[in-house]
Amino acid sequence: MEEEKKLLTVSASPHVKSPATVRGIMLDVIISLIPAVFAGIAVFGGRAAAVIAVSVASCVIFEAIAVKIMKKPMCIGDLSAVITGLLLAFNLPVTIPLWMCVLGSFVAIVVVKQLFGGIGQNFANPAITARIVLLVSFASAMTNFTSPKAFDAVTSATPLSFLGNLDRAGDITAEIMKLVGSGDLPDLFKMFLGVRAGCIGEVCSAALLLGAVYLMVRRVISPIIPCCFIGTVTVMMFALSGGSFYFTVYEVLGGGLLLGAFFMATDYSTSPINKKGKVLFGIGCGIITSVIRLYGSLPEGVSYSILLMNVMCPLIEKFTAPKYFGFIKSKKKKEAA
C-alpha cells in the first residue's frame with residue numbers, strides 16, 4: 001500500500017482568522033458615535049438632528065446609486081456610508097444649508113470613496129475631504145457658528161478664534177481668565193460638556209471620550225495614533241505658550257482635535273498598519289495641527305493635518321514596514337582602492 005502523500009497547502013495572507021466583520025466593526029463605530037449625536041442635538045437643538053439625518057441619508061443614497069451605476073455588489077449593508085454621513089455632519093456647523101450637506105455627501109461617497117474603488121481603497125478619509133471641499137467652496141457658511149440653541153443670534157466665535165487672537169508674548173493665562181470672566185470664553189467645565197460654539201459633533205468632549213473608550217475596549221481602534229496626535233499637540237501648545245496650562249487645555253478641548261484623533265485619524269484605509277508607522281502618523285498630525293493653529297491664518301488645522309498625513313501614509317508604511325522573517329541585510333561592496 002502506497003504511503004499517503006502529504007501536501008503543503010500555501011495560501012495568500014492573512015493567515016490569522018478573526019470573527020470580526022466589516023459590518024460588525026462599523027456597527028461598533030456607530031455605537032461609539034451615539035453619545036456625540038445626542039450631545040450635539042442637546043446643545044444645538046432639532047436643527048442638528050436635521051443636519052445629521054440629511055447627511056446620513058444622502059450618503060447612503062449616493063452609495064446605492066454609485067454601486068448600481070458601476071455595476072458593483074450592493075454594499076450599503078456594511079454601514080460604512082452611515083459612518084461617513086455621521087462624521088461629515090459632525091464636522092459641519094448647525095446653521096449650514098441642508099443642500100450643502102447633500103453636496104458634501106456626494107463628494108465623500110462618490111468622488112473620494114467609490115471612484116477610487118470603494119471601502120478600503122480610498123486615498124483619504126471621505127468625511128474630512130468633503131469638509132475641506134465645503135470649507136474652501138463655502139467659507140462663510142462653514143464658519144457661521146452660533147452659541148448653543150441660538151440660531152437667530154449673531155455669529156459666535158469659537159474658542160479657538162479667541163485663542164488665536166491672544167498675544168502669546170504676554171501673560172496668556174491672565175488674558176484667558178479675562179475672556180472667561182467677560183463670558184466670551186466658556187470655562188473648562190462647559191468646554192468639556194460642549195456648551196460652546198463649534199461644529200455639531202466636536203463640541204462635547206465628554207461624549208467623544210466616552211465613545212473613544214468604547215472603541216478601545218472593543219479593540220476596534222488602537223490608542224497609538226490618538227495618543228501621539230493629542231500628546232504632540234499638548235506638548236507643542238504648552239511649550240510655545242510659555243507653559244500656560246489653561247491655554248493648552250483649551251487648545252485640546254477646543255476645535256475638532258478629539259473628534260479627529262479618535263474617529264478619523266484612525267481610519268483603517270488611510271492610516272498605517274504597523275506601530276512605528278502609527279507613531280509617526282500621529283506625531284505628524286499633531287505637528288501640522290499645532291503649526292496651523294499657532295502660525296496659520298486659520299484657527300483650526302485638524303482636518304488639513306489628517307488629510308496631509310493620509311497622503312503621506314504609503315510613504316510612511318514603506319519606511320516603517322517590518323522586515324520579513326529570515327531577512328538578511330546585504331552588505332555594501334567595498335569600493336576598490
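In this predicted model, I69 is placed in helix α2, helices (H or I, at least four residues) and strands (E, at least two) being DSSP runs numbered from the N terminus. I69 counts as exposed because its relative accessibility is 65%, where exposed means over 50% relative accessible area, buried under 20%, and partly exposed in between (1.4 Å probe, protein chains only). Residues are numbered from 1 along each chain as its sequence is written, and side-chain values use heavy atoms, with hydrogens and water left out. Local features need pLDDT of at least 70 and side-chain atom pairs count only at pLDDT 80 or more, whereas totals for chains, interfaces and linings use all residues.

I69 belongs to a nonpolar surface patch that is formed by I61, I65, I69, M70, W99, L103, F106, V111, L115, F116, F123 and V311 and that together has about 1100 Å² of accessible area. Patches are made of residues with over 30% relative accessible area and no salt bridge, like charges being joined within 9 Å and nonpolar side chains (Val, Leu, Ile, Met, Phe, Trp, Tyr) within 5 Å; accessible areas come from the Shrake-Rupley method with a 1.4 Å probe, and for residues only the protein chains shown count as cover. Helices α2 (46-69) and α4 (98-113) each contribute at least two residues to the nonpolar patch, and the largest share, four residues, comes from α4.

Side chains of opposite charge can pair when their charged atoms come close. Across the whole structure, four salt bridges are found, a salt bridge being a side-chain nitrogen of Lys or Arg within 4 Å of a carboxyl oxygen of Asp or Glu.

D28 is buried, with a relative accessible area of 7%. In the loop between α1 and α2 lies G45, which counts as buried at 12% relative accessibility; G45 and P148 are 103 residues apart in sequence and 8.0 Å apart in space, C-alpha to C-alpha.

R293 forms a salt bridge with E251, in which the closest N and O atoms are 2.9 Å apart. The partners lie in distant parts of the chain, R293 in helix α14 (residues 275-295) and E251 in helix α12 (residues 245-253), 42 residues apart. R293 is buried at a relative accessible area of 5%, and E251 counts as buried at 3% relative accessibility. A network of salt bridges links E251, R293 and E300.

The largest pocket holds about 500 Å³ of space. On a 1 Å grid over the protein atoms alone, a cavity is a set of points where a 1.4 Å probe fits but cannot get out, and a pocket is an open set with protein on both sides within 12 Å along at least five of seven lines, lining residues having an atom within 4 Å of a point. Grid points are joined across faces, edges and corners, and a volume is the space filled by probe spheres set on the points. Of the 26 residues that line the largest pocket, M26, I83, I119, D267 and Y268 lie nearest its centre. The second largest pocket has a volume of about 380 Å³, and among its 25 lining residues R131, T143, F145, P299 and E300 are the closest to its centre.

Two cavities of 30 Å³ or more are also present. The largest cavity, of about 60 Å³, has a lining that includes R131 and E300, and the elements giving two or more residues to this lining are α13 and α15. The second largest cavity has a volume of about 40 Å³, and among its lining residues are E251, R293 and P299. Helices α7, α12 and α14 each give two or more residues to the lining of the second largest cavity, with α7 giving the most, three residues.
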